[in-house]
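Reader: I would like to learn how to read the cavities and pockets of a model. Please take one case at a time.

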Amino acid sequence: MLIIVTILVLLMIVSAIAALIFKDLISAVIAACIVSLIAAVLFYFLQAPDVAMAEAAIGAALVTGIFVIAVKRTKRFEE
Amino acid sequence: MVNPVLLIVIPLGLAFVVPFFGFISKKIEKFIPFVALFFNLIVSLRLFPRVLEQPVHVSIGGFVPPFGINLVAGPIGILFTVLIALVGFLVSIYAFDYIKEKDQEKYHILYLLLLTGATGVVLTGDIFNLFVFFEILCISSYSLVAYFGDKTSIESAVKYLIQGALGSCLILMGIGLLYGQFGTLNMADLAGNIKSVHSVSIFVPLVLFITGFGVEAAIFPLNAWLPDAHSSAPSSISAVLSGIAIEVGLYAMIRVVFTLFGASSILTFLMLLGVITLLIGELCAFCQENIKRMLAYSSIGQIGLMLFALSIASSYGITGGLFQLVSHTLGKSLLFLAAGYMIYRSGSMNISSFEGMGKRMPYTALAFTIGAFSIVGLPPFIGFPGKLMIVKAALFEQEMLYTVLIFFILLATVIEGAYYFRVVQALYFKEEKNTQNQKREIAPLSILIPIFILTGFIVVIGIYPKLITDVLVSSASELLNRADYIKSVMP
Amino acid sequence: MRKLFVILLLLIIAGGITLSLKEIPFGIPKTKIGDHFINKGVEETGSVNIVTSVVVGYRGFDTLGEITVLFAATIGLGAVIGTFRKNSVNREVEAASLIVYTGCRFLFPVILLVGTYIFIHGHLTPGGGFQGGAIIASAFLLMYLGCSNKRIKENLSKTVEMIGGLTFIAVGIIGLAIGQDFLFNFLPKGEPAELLSAGIIPIVYIAIGLKVGSELAGIIDNLIQKS
């Protein structure tokens, strides 16, 4: 149990750092979406299903959609 | 007796219904803020005499505090509510003719939500509820600053948004830390449990709150957003932001410092911060060419003066600070409304383009002059008793530090006089360069009415300050008597 | 130089919060109001889901404030985006293939049904108005991505939003009109764990679900229309 939580937290940290480092903005947005998804799973492990549902629906689906529309309007690659 | 909850709920309900009136006819949308704020004004004036004897406590949902939310309508809450309703009502009359193009329905919805948020902040007795209404106020003001849609407006709004959102995050962290330690969210209950500020676990939330609310109240290091935001917004919104939003931020900070924490050791720091803010505001305003930026920096200066007065923490000092707050709300709104119309007529925001307007627009220019004299603090107007009370309160304490700070305050007042007189000189004593439009134009009625009413208040209260000092003295005693507040909510 | 200063400031804030968090133990039996909510939540408000009894029952006024915040954000976004010109370069948008198009049209009512189920059963199972509304909005996002020629009628979404908001406030004012407090639970509480129980909570959650769903769908609609 603890091992699964540790692996998930490490994956979250790696993915958050990757969101800062990537130059292709679409890949950075996907990395941010992975952070939200893992947060939703961790909320479920901490026995808060309401918060997990809200985080999955809003953080992983809608916020990613809004970011992709924003990247489409500006430029895709960051120098 | 009308339930004080209606002061928040009726404007909120009317804000939800504005699109429905838009389906019927586009022309009646602009009367809805007028109706809602008129209702607020009448109800809060009727509650006034009752509140001065004993604060009205209302619980929501039928649950007693601390398990439910409660509203505390005390003297300072109802004073702020009357101010918000009065200024909001007058500016909504101004907006009948001032907001003509673009999508008007969204302007009126956001305007009503801003004032609802402000009323909610001053009436609530629960710290998380204060945060929620504070967020309503902030988010409506971010969108209203960007209302015109040109490049400078959007850049100012984005700057304001980022700094405001960071401030809100800090406030939320502070609320979380307090809830984790004490297990309750009611302000009176928390105040009963907080014994001293000196342990780290109470000091960190205090600092987080002061920083977070200080972003909205525009205290020294945190006020970088204010000149851009207040100068790029439409003039009616600048009047409401300078007159209501930053004062409500200052109220939230003072409520947390005095009632929630009872922190008297941090007051010296706040006093120094207030004087630094005052000096920076006045010095920067002196160098401005754009009139709205000049008025925005002057707002920063006045907030610094109010913070200084409120941190003297004697009854006389807080009364002086609150009097200065009332005078700044009335005076700065008048200045922005008059300046807005003058900018619309002359087409540019530079002070040099206002030359000779004393002849072209006599009533508006006279109103601007009265507002300017009132902010500087000249005798027959409302600014004079306020500043006099602050100086007397500081000298009464007889400490060396206060005397030095009073010297800086008087220096700042002299600088303030200099730049306001420069504008008045341009209005009346310079000749107009562009001699094409020499005819005398009187402003339309919906712009003159709010200007006249505000001028009337400034003159009348300036001549008889006793009209409002009783209210202010009971507000000051409510802020200082922490034990009475706690006992009245949680027996 | 500036980066060094920022990192130093962040470390001070993090250090302060950590020092303060050390005083708060994790997972001890809840103090004061948490205790009261867990023990007496079901019998005082009638809903089996304790999170719902806190969100709509004990702290319903905060929930009203939260949906107002969302409303202000949506209207603000509409006001600012409305001033942009539509991009005059007409980019060729390639229509999606037949499988994607048909799949999206098939999935749309199913996702709407899941969202509606979540907010109607908010007082029985985990979930509630916000979660259900967000799922409904993601159904609309799917329609925009898959079938690019269908749009929401703006008047319809404004009307749904208005009905949702007015229902919440009307329910509260009825509580005030019968002599009790605002948002008083005036309908009978019934048996716990039945669908028609918990007084006004299902009505409030349906209003919140409709309002939040139409607001978030309105945000997506505004953004896609102008880009």
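Author: Start with α10(B), which gives the lining of the second largest cavity its largest share, three residues. Helices here are DSSP runs (H or I, at least four residues), numbered from the N terminus. The model is predicted, so to speak, on these terms: local features need pLDDT of at least 70, side-chain atom pairs count only at pLDDT 80 or more, and totals for chains, interfaces and linings use all residues. Residues are numbered from 1 along each chain as its sequence is written, chains are lettered from A in the order in which they are written, and side-chain values use heavy atoms, without hydrogens and water.

Reader: What is a cavity, and what is a pocket?

Author: On a 1 Å grid over the protein atoms alone, a cavity is a set of points where a 1.4 Å probe fits but cannot get out; a pocket is an open set with protein on both sides within 12 Å along at least five of seven lines; lining residues have an atom within 4 Å of a point. The whole structure has four cavities of 30 Å³ or more.

Reader: How much space lies in the second largest cavity?

Author: About 50 Å³, a volume being the space filled by probe spheres set on grid points joined across faces, edges and corners. Its lining includes Leu250(B), Tyr251(B) and Ile254(B). By class, that lining has nine nonpolar, no polar and no charged residues. Nonpolar means Ala, Val, Leu, Ile, Met, Phe, Trp, Tyr, Cys and Pro; charged means Asp, Glu, Lys and Arg; the others, Gly among them, are polar.

Reader: What volume has the second largest pocket?

Author: About 1100 Å³. Among the residues closest to its centre are Leu170(B) and Leu9(C).

How values were computed
Helices (H or I, at least four residues) and strands (E, at least two) are DSSP runs, numbered from the N terminus.
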